[in-house]
Amino acid sequence: MKNVGLTTTIPVEVLYAAGVIPIDLNNIFVTSNKGKEYIEKSEMEGFPRNLCSWIKGLFSVALDNNIDQIIGVCEGDCSNTEALLEVWRMKGLHVVPFGFPRNRNIDSIKNEINRLMEVFNVSIRKVDGVKRELHYIRERIKYLDELTWKYDKATGFENHLWQVCCSDFNGDYNKFSHDLEAIISVIEARESRKNEIRLGYIGVPPIFTDIYDLIEGYGGRVVYNEVQRAFSMSGFDICDSIYDMYLNYTYPYGIDFRLEDIKNQIELRNLDGIIHYVQAFCYKGIEDIVVKNKLDVPVLTIEGDLPGQVDARTRLRIESFIDMLKDYRL
Ligand code: SF4
């Protein structure tokens, strides 16, 4: 079967309906132990040092992992993707652009999804069938999220990992579903955690490998992963059309739309504070100004650059932030 690489979440239902294997390049990059090697390879090709590591990682991952075709999201995700696609094309890769239109208009998103269906030669009926199959898995992901914030049993990392992997369901949604049920059984059997500082994590997923464990070591726990939860598309009704789903998916449509959801979740999940992660050299770092201005809970902004463990300075800042939130509670 053909391997189709993704630069971020796209309507994965179309790919499963077409019988190809979706592979989120981000997930390969961040879970491999070759992250820095991938970045160096891209720099050897001429990618600038002062460019986001995710872009450099994705470039090499696609060349090294038998990817037959790539869907690159040029609108609603990263300002660098357009140029990345040009270099992949130059390297001979078959690239298909996709966009989440900035105007957030139903006709515009319909056009984009219909065009993707044409590229992969699938009907809306078939796509809808896959959407219904995936709905059950998305419901179980929603339950795993509840095991995190409502029942206080899942870790921040488990919450992050299972939701972020919904971008491609690890290339095989039946196996994903089976593995998900196994981890849910393990989590359900645990005692609920008590007296932790309840944190939200907002911004792009972390390039750090140990941030969730670190936070828990300091007495906090991430009970809300904003972008990962958006990737999981788990809040929709089975009758919502695929067009409505991707129209109401918060990640691609700007910070104000995302903040509406973030504010609701702060209330619902009773959060003590927010960690806003920004990636070095990412334009989204500017959104931190709006985040700090519009949220009423304490916000700690941290920045990551290379894959690996959290650096000493950031560790200290996270520890101090959690200590400060503990003091607020007294
Ligand atoms: S972190 Fe920012 S610059 Fe890097 S790939 Fe994501 S959106 Fe693009």
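The model is predicted: local features need pLDDT of at least 70, side-chain atom pairs count only at pLDDT 80 or more, and totals for chains, interfaces and linings use all residues. Residues are numbered from 1 along each chain as its sequence is written.

**Overall fold**

- The protein chain has 15 helices and 8 strands, where helices (H or I, at least four residues) and strands (E, at least two) are DSSP runs numbered from the N terminus.
- Along the principal axes, the C-alpha atoms of the protein chain fill a box of roughly 60 × 45 × 35 Å.
- Of the 330 residues, 43% count as buried; a residue is buried if 20 or more other C-beta atoms lie within 10 Å of its own, exposed if 12 or fewer, and partly exposed in between, with C-beta atoms placed from the backbone.
- Among contacts in the protein chain with a separation of 6 or more, 71% join residues 24 or more positions apart; two residues are in contact if their C-beta atoms, placed from the backbone, lie within 7 Å.

**Ligand shell**

- Cys52, Trp54, Ile55, Cys78, Asn80, Val204, Gln279, Cys282 and Lys284 are the residues around the ligand, the criterion being a C-beta atom, placed from the backbone, within 6 Å of the molecule.
- This shell divides into 6 nonpolar, 2 polar and 1 charged; Ala, Val, Leu, Ile, Met, Phe, Trp, Tyr, Cys and Pro count as nonpolar, Asp, Glu, Lys and Arg as charged, and the others, Gly among them, as polar.

**Nonpolar core**

- The largest nonpolar core holds 91 residues, of which Val14, Leu25, Leu58, Ala62, Leu199 and Tyr246 touch the most other members; such a core is a set of buried Ala, Val, Leu, Ile, Met, Phe, Trp, Tyr and Cys residues joined through C-beta atoms within 7 Å.
- Helix α7 (residues 124-149) gives the most to this core, with 7 residues.
- Leaving aside neighbours within four places in sequence, Tyr246 is in contact with Pro11, Phe100, Ile109 and Ile113.
- Leu199 is 117 residues from Glu82 in sequence and 34 Å from Glu82 in space, C-alpha to C-alpha.

**Helix α3**

- Gly35, Tyr38, Ile39 and Ser42 are buried in helix α3 (residues 35-45).
- These buried residues fall within an arc of 100 degrees seen down the axis of α3, so they line one face of the helix; the arc is that of the directions from the helix axis to the C-beta atoms.
- The buried residues of α3 pack against α2 (25-31) and α4 (53-64).
- Gly46 follows α3 and has a positive phi, near 115 degrees.

**Individual residues**

- Most residues other than glycine have a negative phi.
- Asp152, in the loop between α7 and α8, has a positive phi, near 55 degrees, and is partly exposed, with 16 other C-beta atoms within 10 Å.
- Phe169, in the loop between α8 and α9, also has a positive phi, near 50 degrees, but counts as buried with 21 C-beta neighbours inside 10 Å.
- Asp172 lies in the loop between α8 (156-164) and α9 (173-188) and is partly exposed, with 14 other C-beta atoms within 10 Å.
- Glu82, in helix α5 (residues 81-90), counts as partly exposed with 13 C-beta neighbours inside 10 Å.
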